Amino acid sequence: PFLFLRCSARDKVQSMKFGKTIAERILKEWRFYAVDYKALKKCIKDGAKEDEFNAILDESESKLSKFYADKENWAFNYMTTLEKRVADLKDSASEPGSPSSMSSEDSQSMITNSSPTGIADLKMSLDRLSKRGTIEGEFEWLKDEYRKVGKSKHFQDFIYAKKSLVTFQRELEFLLEFLELNKTAFSKILKKFDKRTGSSVREERLDAIMGRNLYLEGEKFEALKKTVDELIIEVNALKPRLPEGWENRKVYTIGCFDLFHRGHQNVLQSLREFGCYIVAGIHDDESYFKLKNKYTIDNLETRMNNVKPFVDQLFVIPSTDPLIYVKSMVSEQDIATGACCYARGDDMLNFPGREWIESVMPVHFVPRTEACSSTLIRTIYHAEDESLRAKAAFAKTRYDGKPIDEDGNVLKLKA
């Protein structure tokens with residue numbers, strides 16, 4: 001009896017640890033689709049009927065299978081988009097006059113009468129010399145170069161290919177971890193069921209689950225990830241040469257960042273392609289309500305804590321119009337020396353304040369994360385209507401990640 005009690009206590013600790021692990025490591029956006037480990041464990045603890053346990057287990061398997069089918073279909077279709085972006089980058093990188101992706105030493109050897117790219121580089125050097133007679137001329141030339149490179153097709157193709165691939169790589173890593181956690185959840189909960197009921201069905205039932213759901217091994221996503229890893233190496237080799245000081249700039253951005261998710265994280269991490277110091281403005285709760293006609297799920301303090309690990313400086317915007325606050329944050333010196341730029345996701349090209357911002361610094365856009373948005377998360381987990389939650393969980397999404405119905409209309413949230 002003593003040995004039994006010790007084993008039970010140890011298993012309880014391990015079970016509690018896994019319950020915490022699955023809750024913490026699964027993306028909050030995907031918790032709806034995961035094995036309902038908490039409900040299954042409670043069912044066993046309360047001594048519920050086996051039919052009730054089986055019903056929860058079957059529903060978990062069904063939701064997980066549908067989730068995987070949707071993700072697999074999306075992933076293989078999206079690979080076509082990624083391959084097209086890499087092909088576009090290869091084409092633009094080879095065009096005469098593009099910011100060469102070679103080293104400066106290599107480019108010097110290319111400055112010949114027979115090389116269109118070399119001629120362009122030579123002309124660039126001569127233009128630079130003509131403008132560098134004064135400090136003001138130096139900065140004006142540099143600012144022109146920042147804008148020219150930022151608007152070049154080579155650079156834009158590079159940013160879209162690089163950011164999309166890195167985001168997709170992380171998505172595949174999340175999916176593989178998600179499958180592994182759910183596979184473990186099935187195994188552990190069936191083991192717990194056997195211990196509680198004195199049965200020995202775990203091995204047979206686990207084999208049946210794995211047989212019906214071979215995708216839990218993650219082989220297709222592993223193969224995709226290998227391809228993506230190779231494409232990233234290829235894309236990095238095609239990175240355009242950037243003007244001096246590019247990597248030392250301040251990068252400004254603005255957002256609400258409610259229900260902080262991997263899409264926010266992906267954008268903020270990609271901003272490091274434009275500079276080294278990230279400054280983010282964040283709307284307070286009142287301005288958020290005025291902008292969106294709904295209250296935040298996370299208050300300002302929570303949103304700031306979520307964003308801060310990904311930026312170097314945060315400032316609060318207590319108005320629907322952010323312009324005066326952006327103007328207050330950007331120094332005249334940074335504007336004069338070209339030491340700043342603005343970057344954000346491409347889901348809002350005509351953002352508030354763009355006219356002034358673009359007049360004093362370059363503006364860059366990065367592709368948003370597919371099938372991911374605060375609106376989608378809010379609908380699945382915070383809608384008052386349970387049927388709306390379930391509908392949103394497996395709905396198609398718009399370009400901006402919002403869930404839509406069969407007619408393309410955004411699902412209306414009633415909470």
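Is D157 buried or exposed? In this predicted model, D157 has a relative accessible area of 13% and is therefore buried, since the limit for that class is under 20%.

## Salt bridges within helices

The structure holds 25 salt bridges. In one of them D157 pairs with K153, with 2.7 Å between the closest N and O atoms. Both residues belong to helix α7 (residues 153-197), where a spacing of 4 residues places them about one helical turn apart. K153, with a relative accessible area of 44%, is partly exposed.

Helix α6 (residues 135-151) contains K143 and E140, which are 3 residues apart. Their side chains form a salt bridge at 3.2 Å, N to O. K143 is buried at 19% relative accessible area, whereas E140 is partly exposed at 42%. Helix α6 also contains E145 and K148, 3 residues apart, and these two form a salt bridge with their closest N and O atoms 3.3 Å apart. E145 is buried, at 4%. An α-helix has 3.6 residues a turn, so residues three or four places apart point the same way.

## A network and an enclosed helix

A network of salt bridges links E29, K71, E171 and R262. R262 is one of the buried residues of helix α10. This helix (residues 262-270) is largely enclosed by the rest of the structure, because 8 of its 9 residues are buried.

## The surroundings of A343

A343 is part of strand β4 (residues 340-345) and is buried, with 0% relative accessibility. Among the residues that A343 touches are V251, L271, F274 and H364. F274 lies 69 residues from A343 in sequence, yet their C-alpha atoms are 7.9 Å apart in space.

Conventions. Residues numbered from 1 in each chain as written. Predicted model: local features only at pLDDT ≥ 70, side-chain atom pairs only at ≥ 80, totals over all residues. Heavy atoms only, no water. Helix = DSSP H or I, 4+ residues; strand = E, 2+ residues; numbered from the N terminus. Buried < 20%, exposed > 50% of the residue type's maximum accessible area, 1.4 Å probe, protein only. Contact = heavy atoms within 4.5 Å. Salt bridge = Lys/Arg side-chain N within 4 Å of Asp/Glu carboxyl O.
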